[in-house]
Amino acid sequence: SPPPTGEPLTPDRFLKSTSYVLQEPLLWSQLTTRETLCYCAELYGSDTYTGEREKLVEDVLNQTGLKSCEHPLVGDMIRKGLSGGQKKRLCIAEALVKRPAMLVLDEPTSALDSASAFEVATLLHNLAKKENILVVCTIHQPSHRIFSLFDDTLILASGRIAYCGPTEAAAEYMASLGMPPMAAGMALPEYLLDVTNPDFTDAGQIDKVLDAWRPQANDSESEGAGSMHESSMRGVCTQTWILCRRLAWMTMRDPTPCAARWFFALLSNIIFLIVFIGARDRTQDQVMPRVMLLNWSVGAPAFMSVVVIAVYAFDFHIFSKELSNGMYHKSAYVVSQTVMMVPSLMVLSLFALLPLFLIVGYSWKGFLQIWLAHFACTLWAECLAQLLAAALPHFMIGMVAYIGVMFVAFLQGGLMISIDSIPWALRWFHFINPWFLAVRAMVTADLTRSTFEGFGHMGEDCGPPPAFCFGRDGSEVLDNLATSLSSFGSDHDPWMDILISVGIALVVKLSQYAFIRFLS
């Protein structure tokens, strides 16, 4: 039926005037109750001023009974925070900030004790009566006093309507169809579930109930009804700015995930340089250890991204909830996520490389190129982790897929085996492999600014075979290295390899955006 304004109820108008509350309370654990609602008000509030948004948040806190817990963190399994009932009410409060005409909830009382479930049901009843909001929710096995709060009931059996109408008339309707009358002392919801459950009731009787149902005429009129409020999105740039501020605030409040990865990158590369400590000597036999150390400096942080797929998968569920409620545009989500991960990854690359420069003595003149090449590879790895977290149904599948991709990238990094030796059926990946491009850029940036002892001017200082002998200056070393590893050489431009790596990372990020668009 048309909304109170008499205009057609299009999908767009439905989204703008409706809020949906999921069964699971998906919330940002690093925010307080008030902060959660304030960010919602900012994102929804394109037609309100700051003072109005503050008043709206205050009103919603009072309506939902969350005023007493407005400052504690939401919390999670690690950090103690809100109770289950409070989290349910906070999810409802998020929906109310949108000022919807209709509130749709999926099992709002599930996983709650009887007292908390009744509190949530009473809240929904009061919102419907006092705020003139249409509240629609699914519910399983409600208690008698919760069920009595509903004005109307829709009962489904085998995907068909068994009854839809006033709650108090449901038992009389079932009895009129020849179903057993409700026993004395039996709760109405239990009776309705029993007579429509194919596991305990004869299938023929249930079919009789389903076949007897006919849609009832809608006697309600829209005359005199008020206009339906429709939320309007803020601009994409404003949304991106708000989301970036929210992500930055959550990161500063709980820097553990970022700090742990930085520490791992530092520690793992210290261990690698201890193994390759001889690379400090710029001699012929230390050319390959020097090159391999750069390769491992990329590998440890890149593989470490697998552990954050679980985090990204959970975060994506929250973003999906917010996107489905029309809180912001999909592009704002993707851009803000990208903007906020860039500084973190640059610090990650810095932590990974500093031990190598300070202890092994890589060329500081090539530091910028090496740093940016390392960052480009970690950027690609992070974008890949985010794509898999969003695209695959379970984070464990995403982890397995990620490890598979990274193993192929490592194998075709140009150092384990010459690319010319790989069959074309697999070699194509080499051309879009940021790991290989980043390592080649790093190796080229370092070697072209280095000279190595033990060669002389024409190779006269080289020992007899099988002694290593690559060359005196970096260009000679790179060209001789290319005789066994075909993808290296002095003719490659590190800047071009860096740009291509960043471009591939952005393509992966755009794939994530395309997938989100496809889901919608």
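Leaving aside neighbours within four places in sequence, M399 is in contact with V306, V307, I309 and A310. The model is predicted. M399 lies in helix α16 (residues 395-411), and at 17% relative accessibility it counts as buried, the cut-off being under 20%.

**Helix α16 and its surroundings**

- The axes of α16 and helix α12 (residues 287-304) come within 11 Å and cross at roughly 170 degrees. An angle over 145 degrees counts as roughly antiparallel, so α12 is roughly antiparallel to α16.
- On the α12 side, the residues that meet α16 are N295, W296, A302 and F303. Their counterparts in α16 are Y402, I403, M406, F407 and F410.
- Y402 touches A302, F303, S305, V306, I309, A381, L384, A385 and L388, not counting residues up to four places away in sequence.

**Nonpolar cores**

- The largest nonpolar core has 69 residues. Those with the most contacts inside it are W380, Y402, M406, W435 and V443.
- Helix α15 (residues 367-391) supplies the largest share of this core, 15 residues.
- A second, separate core has 54 residues, including L43, L82, C91 and A332.
- In soluble globular proteins, nonpolar side chains tend to be buried together.

**Helix α2 (residues 33-44)**

- At 1.5 Å a residue, the 12 residues of α2 should span 16 Å, and its end C-alpha atoms are 17 Å apart, which agrees.
- Because 10 of its 12 residues are buried, α2 is largely enclosed by the rest of the structure.
- The buried residues of α2 are T33, E35, T36, L37, Y39, C40, A41, E42, L43 and Y44. What covers them includes α3 (50-63), α4 (84-97) and α10 (236-253).
- L43, one of these buried residues, also belongs to the second core.

**Helix α4 (residues 84-97)**

- The 14 residues of α4 should span 20 Å at 1.5 Å a residue; the end C-alpha atoms are 20 Å apart, in agreement.
- α4 is mostly covered, with 12 of its 14 residues buried.
- R99 follows α4 and has a positive phi, near 55 degrees.

**Strands**

- An open sheet of 3 strands has the order β1-β2-β3, with parallel pairing. β1 (18-21) and β3 (134-138) stand at the edges with a single partner strand each, so one side of each has no neighbour in the sheet. The twist from one strand to the next averages 15 degrees.
- β1 pairs with strand β2 (residues 102-106) in the parallel sense over 4 bridges. M102 in β2 is the bridge partner of T18.
- Strands β4 (residues 152-157) and β5 (residues 160-166) run antiparallel and are joined by 6 bridges. L156 stands opposite I161 in β5.
- β4 and β5 form a hairpin with 2 residues between them. In the turn, S158 has a positive phi of about 55 degrees.

How values were computed:
Residues are numbered from 1 along each chain as its sequence is written. This is a predicted model: local features need pLDDT of at least 70, side-chain atom pairs count only at pLDDT 80 or more; totals for chains, interfaces and linings use all residues. Side-chain values use heavy atoms; hydrogens and water are left out. The expected span of a helix is 1.5 Å times one less than its number of residues. Buried means under 20% relative accessible area, exposed over 50%, partly exposed in between (1.4 Å probe, protein chains only). Contact means heavy atoms within 4.5 Å. Two strands pair if DSSP finds at least two bridges between them. Axes are lines fitted to C-alpha atoms, for helices over the stretch in contact, and angles run from 0 to 180 degrees between N-to-C directions. A nonpolar core is a set of buried Ala, Val, Leu, Ile, Met, Phe, Trp, Tyr and Cys residues joined through side-chain atoms within 4.5 Å. Angles under 35 degrees count as roughly parallel, over 145 as roughly antiparallel, 65 to 115 as roughly perpendicular and the rest as oblique.
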